[in-house]
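Me: I have not looked at this one before. Can you walk me through it?

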Amino acid sequence: ISICLTLATLVSVAQNSEHLKFKGVPINGTLSEFVKKMQNAGFSFIGNEDGTSFLRGDFAGFKGCIIGVSTIKNVNVVNSIGVIFPMRETWSDLESDYNQLKSMLTQKYGEPANVIETFQGVWVNSNDDKLRDLEHDRCTYQTTFETKNGDIQLSLEKGDSFQYFVLLKYFDKINTQTVENAAIDDL
C-alpha cells in the first residue's frame, strides 16, 4: 500500500509541476523534439555541437538572434536555452539592448532576484572604458529572475573581434534537477 501511495504522489507531483516556457513552449522533451517545436515557431536550424542545437531567428523584437538549446547527451532532456542577441560594437548600443530586455523581463516576471552591474577597472569614466573592462573580464553585468519553474539570467558578454552581445539564458527547474541527479549518479 505504501508503494502505491508513493507512486501516486510522484505521479501527482509530476503532473502538477510545470516547466519554464520559452516562446510559449515548455522547456522539456528530447533535443530533437524541442528543436522541431522551435522550427515550427519560425526559427531556422543552423546545426549541432556538443549536445547543443543552434537555431537563428527573431526574438523579443530583435532580428537574427542565435538560439542554443542544450542538454546532456546521456540524459537527452532539454534543460536550458540561451539566446545570443545581435553583436554590438559600442557600449551605448549594448547597454541599450540590456536595459530594454531587463525592463521587459521585469514587466513579465517581476523584480529581479539578483542584479550585479559592476566594473573592476581603475578608471571607468567613458563608454570606451566600460567596453575595455568587459573585454578584459573586469565587468560583470548580470540580472537574474527566479520563478517557480526556473531561473532566467540576462548578461553582457564579449564575442570575437571587439564585438559584444547580450545573452539571455533560461534554466528549467525540473529538467536542471534531472541533469544534476544524473551527474550525481556518475559520482
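Reply: Helix α4 is followed by aspartate 137, which has a positive phi, near 55 degrees. Keep in mind that this is a predicted model.

Me: OK, what's the mean pLDDT of the protein?

Reply: The mean is 88, and 91% of the residues reach 70 or more. Over residues 1–16, though, the pLDDT is below 50. That stretch has zero contacts in the model beyond near neighbours in sequence.

Me: Back to α4. Which of its residues are buried?

Reply: In α4, which covers residues 127–135, the buried ones are Asp129, Leu131, Asp133 and Leu134.

Me: Different topic. How many residues of strand β6 are buried?

Reply: Four of the five; β6 spans residues 80–84 and is mostly covered.

Me: Which strand pairs with β6 over five bridges, and in what sense?

Reply: Strand β5 (residues 62–70) does, in the antiparallel sense. Strand β10 (residues 164–172) also pairs with β6 in the antiparallel sense, over five bridges.

Me: Where does glycine 82 come in?

Reply: Glycine 82 lies in β6 and is the bridge partner of glycine 68. In β10, the bridge partner of glycine 82 is lysine 169.

Technical notes
Residues numbered from 1 in each chain as written. Predicted model: local features only at pLDDT ≥ 70, side-chain atom pairs only at ≥ 80, totals over all residues. Heavy atoms only, no water. Buried < 20%, exposed > 50% of the residue type's maximum accessible area, 1.4 Å probe, protein only. Helix = DSSP H or I, 4+ residues; strand = E, 2+ residues; numbered from the N terminus. Pairing = 2+ DSSP bridges. pLDDT = per-residue confidence, 0-100. Contact = heavy atoms within 4.5 Å.
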